[in-house]
Structures are given as C-alpha cells and as structure tokens.
Amino acid sequence: MAEQKKRIVVNAFEMTCIGHQSFDLWRHPRSRATEYNTIKYWTDLAKTLERGLFDAVFIADVVGIYDVYKNSAAPAIEGAAQVPVNDPATQISAMAAVTEHLGFGVTAAATFEQPYTLARRYASLDHLTEGRVGFNVVTSYLPSAAENQGLPTQIPHDERYEIADEFLDVCYKLWEGSWEDGAVIKDRERGIYADPSKVHPIGHKGKYFSVPGISLTEPSPQRTPVIFQAGASSRGQKFSGKHAEAVFISALRPDLTRVVTDRIRAAAEEQGRSRDDVKILAMLSVIVDETEEKAKAKYEEYKKYVNLDSAQAIVGGWSGVDLSQFDEDEVLNYVQTESIQSFLTPFTLQAKDKKWTRKDIAEHTTLGGMGEVIVGDPVQVADELERWIDEGGLDGINLAYHVSPGSFEDFIEYVVPELQKRGRYRTEYEGNTLRENIFGKGHTKVADSHPAAKYRGAYVGKPSAADTPARAIAE
C-alpha cells in the first residue's frame, strides 16, 4: 500500500501595507495593493482565499520604519516598502464576516505589548471569528521600533525572547486558567451570567510583568489562539520548540531548509513535545500560467517594475546591515546584529556554492523577498512545491504575492487543481477553527504537550473572584 502523501498547508502571506515582499510591484496594473486601507480590498481577498481553500491569511507587521539603508527612511517611503503600514488586527472581523473557514494569523510584537491587554484582543478576535485566529509572536527587529517605543536602544536579541517567554506564560494563564469550564452559565431566571467562584485571578508576578487579576474575556472557542512564530536563530529555535504550533522560516534551498526544520523539531522534542506538534512553513512565491512560456513572460514583465533601493531598504531592516557601505560586487560576510540574526546566514555561512554580493542579495529580494520564486506551468510549480516540502522537511508554505490579489488568483486557478490531483491539497475544509485547518478536525484546543495546557484547571479550588479582590490576592 502506497504511503499517503502529506497535505501541504498553504497560507497567504500578506501585510497591511502596499509593498510587502515584492518591491514596487504596486505599480503593476494587476495590483490592488494601494487599496490596502479599504475594507473591500480585505473582504474581497478573504473570499478569494476561502474559495481557494487556503488554511489562513498570515498577516505580518512591523512597528517601525526601515531606515538602516543609507541611514535614511527615504528609500522605504518612496517605494512604499512596508510603510505606510496599518494595524493588522483591524480588518480581521470584516474578513471573518464574509467567510466561514479561512483562518487569520495576526502578528504582534511581544516586546512592545502588555500581555493583559493583548490576551483580551486575541480572545476577542477568537470569539468574533468563531475560533479562527492565530497569534504570530514576534520580538521586533527594527531599531526604529525600539526608539519610538521610548527605549534608548534596541533590547538585545536573546533578551527579547526572554521577555516573550514570560509574556506568553501570562497569556496562557489568562486564556486557559482564569475562567474555568462551566464558569459561564447564562442563567436568565437567577440573573447570573457567570459564576464568580469559577473565575480566578492569576496572581502573576515575574521579572518583566505583573498581572494580578482575572482575564477580562470569557473563554473563546480555541481558548489559546494558534501560536505562530517566525524565528530561525538559535534562540528563536528554542522558543519555537517550546511555544510554536506553526513556525514560519525563510530559506534559499530545500537542503538548507532541512537543516533548520530538523533543528526546530529537535527543539520541540527537547521540550517534551512531538516532532509533529510543530508545523513548519517556508516563505515561497509563485509565478504560474497555463504554459511555461507564459509564466516566464509574466516573470520578465514583473521584473520591469522592481526597485533595488526599496529592496535594500528592507534588507537593511531585516539584517541590521546598511548595504550602501559595500560596493555592488563586494562579497558579503556574516555580521551579527540585534536584528534578524538568521537573515544573512543563508547568504554567508550556509552558502557554499556561491559568493553573494550586495547586488546579488538586492536582486534576489526584489521579487518575493527572502523566499524562492517558483516560475512555470502548473505541473512544474507543483513538482517544485513537492520537492520543497519533502526535501526541506516542511509542512507547508506562506505564499507571498507579487501582485495582490493576482498572485493568489493565479495559484488558485492553476496550482490548486494540480496539487489536488496529487492528493497534496484539500478538496474541502475539514473543521471550523484555525487549529482544525492546520492539525485536522477535532483539534480545537492546544495539544496536551503544549505549555499552555498546564494551566487548564490550574486555579480550581484556589482564590476566586467570589472571595477577595485580585489586588489583595496577588499581595
């Protein structure tokens, strides 16, 4: 009996901005990216993605500007390279209202948030979407973000993960433990909506956060939203192994990707979790048409719109390195910074078969950012996607667009039917929540091996809202 092939998880990779991963393609006639600040853009996109049976739309975010390149924000602003950028949570309710199954991965920087209010925001979204929300936990890599949050300098890379560890611990206590199952009774006759004896303050007092009180929200369908994480540094892999249910990585080749995916799964095992408890997705982009010739022509057409300055502005923010200090043909070596420490690794430490120059890196990132661009007819694209999944040890992809929504529409028209024929893509949604989309029907709550699970019922029999004010309990 032939081994059943793994279904490929596919998220649409978006951002509440104009230029996300392909720079200056917003000028292309097929692009609607300049409508990013309208509800119709997002609701149309949501309906398109659900028609294509996507698992989720994964919405990235930054809370700073890309001003490392040339020591100036001008290149990013001129090319609309991830600026202007709106809050990624604001369009979710509208998108959920026009869909039934599509999930929503929403990014927030734990470094600059408070867990008490963020836990309420994501629980609220989980209620309003009926369990279709994920929290993409990032630690923010832009120096400008730290400065505009009132910090003198960027918090050191590894300490940002220490903050995020405690941040999530607080959120888990609020989401999983504060309100018991059965706390909400909605008794109209007695006038009791919830039983205060089953609602508990969490009494958290740690190194970075102090949260004495109860969760402001009643339990949502998933309780804890799906935890996404994007980080491939050594500290990021440790964090992923502990917390992430889905990890988003970037890579240049499947064999290099396999090194990272094996390390992340090993990190999960070290935390007492299964290797399969973590779904790993790579960022890729696709240019496809009915024939290879048409796809290549489309690729050449897109290249006419790219802007190397916009791309280098983004690379500066990702890497923390100002490429303008190097000659175009100068080979780059690895530089450790407080930004995304893993960004330069594939171009330097892992790149054994090529010497990457400043110009090479800039050209590589103009279309599809850090990810590989797959160009071809439906069969060729499906072949290449399967190679990435199988050789790279991946579970799926975050599909970046060149023109939105056109890139997603092309994928749905040409690639989805081919993957379905091969048994690599769903033909219908199996469940209702985002966690069910990713892990299968019935998987609405976090797995028992996940660190959030230890707070299920953790406060039963302990002081409750019926006893003493939370402030006194915490003291």
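1. The chain holds 15 helices and 13 strands. The model is a predicted one. Along the principal axes, the C-alpha trace spans about 70 × 55 × 45 Å. A compact globule of 475 residues would have a radius of gyration near 23 Å, and the 22 Å of this chain agrees with that.

2. Of the 475 residues in the chain, 59% are buried. Among contacts between residues at least 6 apart in sequence, 77% join residues at least 24 apart.

3. Helices H12 and H13 pack against each other. Two packed helices are described by the angle between their axes and the distance between the axes. For H12 and H13 the angle is about 60° and the axes are 9 Å apart. The crossing of H12 past H13 is right-handed. On the H12 side the contact is made by Pro 378, Val 379, Val 381, Ala 382 and Leu 385, and on the H13 side by Phe 411, Tyr 414, Val 415, Glu 418 and Leu 419. These residues divide into nine nonpolar, no polar and one charged.

4. Salt bridges come next. Side chains of opposite charge can pair when their charged atoms come close. The count of salt bridges comes to 38. Three of them are taken up in the points below.

5. Arg 424 and Asp 390 meet through their side chains in a salt bridge, at 3.1 Å from N to O. Arg 424 lies in the loop between helix H13 (406-421) and helix H14 (434-439), whereas Asp 390 is in helix H12, so this pair ties together parts that are 34 residues apart in sequence. Arg 424 counts as buried because its relative accessibility is 1%, under the 20% cut-off. Asp 390, at 44% relative accessibility, counts as partly exposed.

6. A second salt bridge joins Asp 395 to Lys 6, with the closest N and O atoms 3.3 Å apart. The pair links distant parts of the chain, 389 residues apart: Asp 395 is in the loop between helix H12 (378-392) and strand S13 (396-400), and Lys 6 is in the segment before strand S1 (9-15). Asp 395 has a relative accessibility of 6% and therefore counts as buried. Lys 6 is partly exposed, its relative accessible area being 37%.

7. Lys 40 and Asp 44 form a salt bridge whose closest N and O atoms are 2.8 Å apart. The two residues are four apart in helix H1 (residues 39-51), so about one helical turn separates them. Asp 44 is buried, with a relative accessible area of 18%.

8. The last point concerns helix H11 (residues 358-366). Its buried residues are Arg 358, Ile 361, Ala 362, His 364, Thr 365 and Thr 366. They pack against helix H10 (308-319) and strand S12 (372-376). H11 is followed by Gly 368, which has a positive phi, near 85°.

Notes:
Residues numbered from 1 in each chain as written. Predicted model: local features only at pLDDT ≥ 70, side-chain atom pairs only at ≥ 80, totals over all residues. Heavy atoms only, no water. Buried < 20%, exposed > 50% of the residue type's maximum accessible area, 1.4 Å probe, protein only. Contact = heavy atoms within 4.5 Å. Salt bridge = Lys/Arg side-chain N within 4 Å of Asp/Glu carboxyl O. Axes fitted to C-alpha atoms, helices over the stretch in contact; angles between N-to-C directions. Left-handed = near helix turned anticlockwise from the far one by under 90°. Nonpolar A, V, L, I, M, F, W, Y, C, P; charged D, E, K, R; others polar. Rg over C-alpha atoms; globule rule 2.2 N^0.38 Å.
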